[in-house]
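Please open the structure in your viewer and keep the selection tool at hand. The tour below moves from stop to stop, saying what to select next and what is found there.

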Amino acid sequence: MPEISRKNWEARLEAVRSDFAASALDCLATLEDLELFRVKYLGRKSELTELLKLLKDLAPEDKRALGPQAQKLKSGIETAVARRQAELEDELLQSKLANESLDVTLPSYREPRGRLHPLTLVMDEMTRILTLMGFSLAQGPHVETERHNFEALNIPKHHPARDMLDTFYLKDAPGVLRTHTSPVQVRVMEKQKPPLRIICPGRVFRHEEVDASHSSVFHQIEGLAVDKGVSFADLKGTLDFFLKELFGSGTQTRYRPSYFPFTEPSTEVDVRCLFCGGSGCSACKRSGWMEILGAGVVNPNVFKAVGLDPAQWSGFAFGVGVERVAMLRLGVSDMRLFYENDQRFLSQFDENLA
Ligand code: PHE
């Protein structure tokens with residue numbers, strides 16, 4: 001026995017049809033309301049779905065006759081719902097376009113852009129000039145042997161430069177933090193045969209009080225040229241050219257006699273104070289000059305330490321203080337500014353070193 005009569009089924013389908021015909025589909029104002037409407041007529045618990053399920057209880061010929069009617073009503077409702085949905089979505093888009101207009105004349109946000117540290121910029125500039133002059137890059141470790149940092153550079157055991165006050169010794173191992181880039185001279189000469197022209201930009205460490213012109217971690221660029229017949233005149237010509245490229249063609253330099261165990265003769269080179277032009281200020285300690293590098297003719301003892309014959313080879317070496325140069329070049333009167341990493345300071349400098 002069928003649980004539902006054909007008549008009854010037809011009456012219920014007709015009720016759905018007329019209920020839908022009388023519905024206010026076109027008055028639904030939101031997509032949410034439309035979804036409720038769709039669930040009511042087409043959802044799993046809707047009368048129409050129920051009727052479609054009940055088809056199986058009807059006689060086969062009734063099923064054949066009535067099935068298509070229910071399907072037709074169903075797809076009619078689906079089409080109507082889809083049409084209303086498209087209308088509502090379009091209305092929504094139109095009102096968004098009308099209300100959320102963009103003001104393309106508003107200033108845009110500036111994305112913060114990373115840049116190189118001023119010390120890197122200055123070190124790169126010095127490296128650029130020196131490599132154009134024919135020097136190649138060399139490197140050495142921050143943790144050095146005492147032989148490379150001292151002995152081979154003619155700094156014997158009890159030399160004051162080895163004083164505990166200046167040198168950081170490692171606690172549980174032999175070795176020191178290099179106090180200058182000069183050990184790289186030794187490393188290069190141990191490995192390569194002259195003629196040699198190398199530079200080494202790098203970090204160095206000294207046990208020093210930090211103040212406006214000193215830091216316990218700072219940077220140097222070491223230079224070394226070894227060949228036959230190299231003289232102090234070659235050193236002067238090289239440094240004068242380098243400093244004029246770096247600071248400008250009108251740069252004045254001063255060579256003072258000095259002493260380094262690994263060079264003989266030795267000199268310290270000053271440039272006219274760029275802050276006061278030479279009249280004397282606090283940056284140059286009232287002298288009108290700023291010391292930026294140490295240099296000299298390679299001491300024969302250094303050649304002997306690396307197995308080169310001092311009768312055959314001669315050379316010059318120099319070590320430039322990068323921070324000193326950067327202060328002069330960038331007009332910075334306190335070295336500590338380079339290490340504090342205050343963005344307001346760092347962001348002032350770009351590749352043009354302006
Ligand atoms: N190494 C020396 C210093 O740190 C500088 C220097 C390098 C002097 C090479 C002479 C030759 O002060």
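**Starting at asparagine 341**

Select asparagine 341, which is partly exposed with a relative accessible area of 47%; here buried means under 20% relative accessible area, exposed over 50%, and partly exposed in between, with a 1.4 Å probe and protein chains only. Asparagine 341 is found in the loop between α11 (337-340) and α12 (343-346), where helices (H or I, at least four residues) and strands (E, at least two) are DSSP runs, numbered from the N terminus. The phi of asparagine 341 is near 55°, a positive value in a residue other than glycine.

Before moving on, note that this is a predicted model, in which local features need pLDDT of at least 70 and side-chain atom pairs count only at pLDDT 80 or more, while totals for chains, interfaces and linings use all residues. Residues are numbered from 1 along each chain as its sequence is written, and side-chain values use heavy atoms, with hydrogens and water left out.

**The two domains**

Colour residues 6-99 as domain 1 and residues 118-346 as domain 2; these bounds come from an automatic or database domain assignment. The centres of the two domains, taken over C-alpha atoms, are separated by 88 Å. Alanine 59 is found in the loop between α3 (47-54) and α4 (60-99), and at 28% relative accessibility alanine 59 counts as partly exposed.

**Helix α5**

Next select residues 118-132, the 15 residues of helix α5, which at 1.5 Å a residue should span 21 Å; the end C-alpha atoms are 21 Å apart, which agrees. That expected span is 1.5 Å times one less than the number of residues in the helix. Among the buried residues of α5 are Leu119, Val122, Met126 and Ile129, and glycine 134, which follows α5, has a positive phi near 105°.

**The sheet**

Now show the strands β1-β4-β5-β9-β8-β7-β6, which in that order make an open sheet of 7 strands with mixed pairing; two strands pair if DSSP finds at least two bridges between them. The edges are β1 (136-137) and β6 (253-260), and because each has a single partner strand, one side of each is left without a neighbour in the sheet.

Select β5 (residues 217-227), in which 9 of the 11 residues are buried, so that β5 is largely enclosed by the rest of the structure. On one pairing, 10 bridges join β5 to β4 (residues 196-205), and these strands run antiparallel; within that pairing, isoleucine 198 has leucine 224 of β5 as its bridge partner. On another, 8 bridges join β5 to β9 (residues 314-321), again antiparallel, and here alanine 225 stands opposite phenylalanine 316 in β9.

Then select β7 (residues 263-272) and β8 (residues 289-298), which run antiparallel and are joined by 8 bridges; serine 266 has glycine 296 in β8 as its bridge partner.

Most residues other than glycine have a negative phi, and most peptide bonds are trans. Select proline 265 in strand β7, where the peptide bond from glutamate 264 is cis, with omega near -5°. In the loop between β7 and β8, lysine 285 has a positive phi near 50°, and at 63% relative accessibility lysine 285 counts as exposed.

**The ligand**

Which residues are closest to the ligand? Of the 14 residues that surround the ligand, the closest are His180, Ser182, Arg206, Gln220 and Gly319, where near means that a heavy atom of the residue lies within 4 Å. A polar side-chain atom of histidine 180 lies 3.0 Å from a nitrogen atom of the ligand, and a polar side-chain atom of serine 182 lies 2.9 Å from a nitrogen atom of the ligand. On glutamine 220, an N or O atom in the side chain is 2.9 Å from an oxygen atom of the ligand.

**Cysteines**

Finally, select cysteine 276, whose sulfur is 3.6 Å from the closest cysteine sulfur, in cysteine 273, too far for a bond, since a disulfide is a pair of cysteine sulfur atoms within 2.5 Å. A search of the whole structure finds 0 disulfides. Cysteine 276 counts as buried at 19% relative accessibility, whereas cysteine 27 counts as exposed at 61%.

Notes. A polar contact is a pair of N or O atoms within 3.5 Å; within protein, one must be able to donate a hydrogen and the other to accept it, and residues adjacent in sequence count only if both atoms are side-chain atoms.
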